[in-house]
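Dear colleague,

Please find below the structure that I am handing over to you. My notes on what was found in it follow directly after.

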Amino acid sequence: MLDSVKIARRQSEIRQSLAELAGKENPSEDEVRNMDELDREYRSNETRYRAALIAEDTERRDAGDELETREGQEWSVLVDGFEVRQIAMALDHGHQIDGRTAEVVTELRSNGTYQGLPVPWEALEARAGETIATGTPDPMQTRPIIDRLFPGSVAAQMGAQMISIDHGEIEWPVVTQGASVGWQTSETGDVGAAQAFQTTDKALAPDQTLGVQMRITRKTLKQSGAALEQAVRRDVNAAIGVEMDRVVFLGSGASGEPLGVIAGSATYGITSTAIGASADWAAFRAAVTRFITANSASGPKAVSGLVRPELWNFMDGAVWDAGSGITEWDRLAAKLGSLSMSHNALVAPSGSPSACSALLTTKAGGVAPIFVGKWGAVDMIRDPFSDAASGGLRLTALATMDVTVARPTQLEVLTGLELA
């Protein structure tokens with residue numbers, strides 16, 4: 001029984017005893033002493049009761065969080081034991097999938113339709129402490145093998161939120177008009193007219209599918225064994241990650257690509273400001289000021305920036321204060337919350353003088369500026385004919401994704417940042 005329930009029952013008994021004693025016209029000394037003791041116990045129990053409620057409320061919340069996340073924890077445990085090499089062997093020579101891998105495949109198939117074998121997105125994550133490699137590691141060699149260079153997702157660094165969707169289209173209603181305020185102009189006057197609470201829907205649709213193709217030779221399958229697991233995992237991850245970062249910002253919206261944030265700034269209603277001058281902190285400061293006055297950011301530390309490496313090269317060489325050696329880049333980096341560099345997510349500098357673009361984002365009220373939807377799992381399909389003569393394995397990984405912008409006021413594109 002909970003302590004709070006026990007204390008509440010005891011309080012009820014004390015109140016009943018006090019009521020009986022208080023009803024007597026001439027109580028004896030023992031009865032008066034008993035009333036004093038019951039009164040002290042009652043006051044003490046009130047403090048204990050409040051403390052018990054606080055402790056039990058914390059326990060209830062902890063138990064509720066555990067119940068809410070237990071399903072996700074169980075799924076994480078299953079995915080941790082997922083083996084991509086079992087998928088490759090099953091597609092190659094019909095290997096019977098077993099263990100946690102079989103459970104994950106069964107669960108994914110029950111929630112979606114796949115031509116081949118489904119691979120969960122989480123299984124493609126690069127795990128900490130792993131050796132990075134692009135090719136197939138040779139068990140006889142101990143030297144480190146260099147992977148294709150791919151840093152952490154730029155989209156994630158800029159505040160994009162990844163949304164997992166089983167099937168169908170998903171919409172997020174975003175508030176565009178809400179409560180109004182106004183003062184009463186006279187003693188009997190109204191405080192102002194109310195306005196309708198309005199939202200606009202931001203949709204993610206499964207209309208764009210990315211394909212990643214991989215050839216695995218017969219020697220690779222026989223030579224690598226379990227090492228094939230990490231090689232395939234990282235290579236598919238890197239290929240999808242690089243292209244995802246590109247289309248999130250530069251997707252054309254045509255030829256099967258989703259519409260990217262920068263390429264589709266006019267369509268999304270994102271402010272695009274032409275600087276037309278040498279890149280410096282003042283240009284970025286003006287954009288941050290616009291964020292703050294639009295109630296999209298509380299200050300410069302709430303703003304994230306995405307720039308080209310060439311912009312960093314120019315601004316880091318532009319000395320603002322010769323005495324201290326402070327550069328324009330130092331000023332920019334010290335003021336903004338975070339800065340990311342990418343040659344993949346922004347168009348290369350062009351023109352004369354050479355100029356490039358930059359992107360600023362912020363989170364307003366905890367709402368991500370960009371939504372990236374990914375449907376179901378990665379569909380891994382085998383092509384049994386293309387490499388049949390050599391005994392190789394041709395794999396195609398299909399990933400369905402889409403991009404949308406939550407609030408255009410949370411983003412701003414700066415164009416014409418000159419590098420001279």
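The chain has an accessible surface of about 23100 Å², and carbon and sulfur atoms hold 51% of that surface (Shrake-Rupley method with a 1.4 Å probe). Please note that this is a predicted model, in which local features need pLDDT of at least 70 and side-chain atom pairs count only at pLDDT 80 or more, while totals for chains, interfaces and linings use all residues. Residues are numbered from 1 along each chain as its sequence is written, and side-chain values use heavy atoms, with hydrogens and water left out.

Of the 420 residues in the chain, 37% are buried (under 20% relative accessible area, with a 1.4 Å probe and protein chains only). The secondary structure consists of 11 helices and 15 strands (DSSP runs numbered from the N terminus: helices are H or I of at least four residues, strands E of at least two).

Helix 3 covers residues 84-93; it is largely enclosed by the rest of the structure because 7 of its 10 residues are buried. These buried residues are V84, Q86, I87, A88, A90, L91 and D92. After helix 3 comes G94, with a positive phi near 75 degrees.

Among contacts in the chain with a separation of 6 or more, 75% join residues 24 or more positions apart (a contact means heavy atoms within 4.5 Å).

Yours sincerely

Conventions:
Buried means under 20% relative accessible area, exposed over 50%, partly exposed in between (1.4 Å probe, protein chains only).
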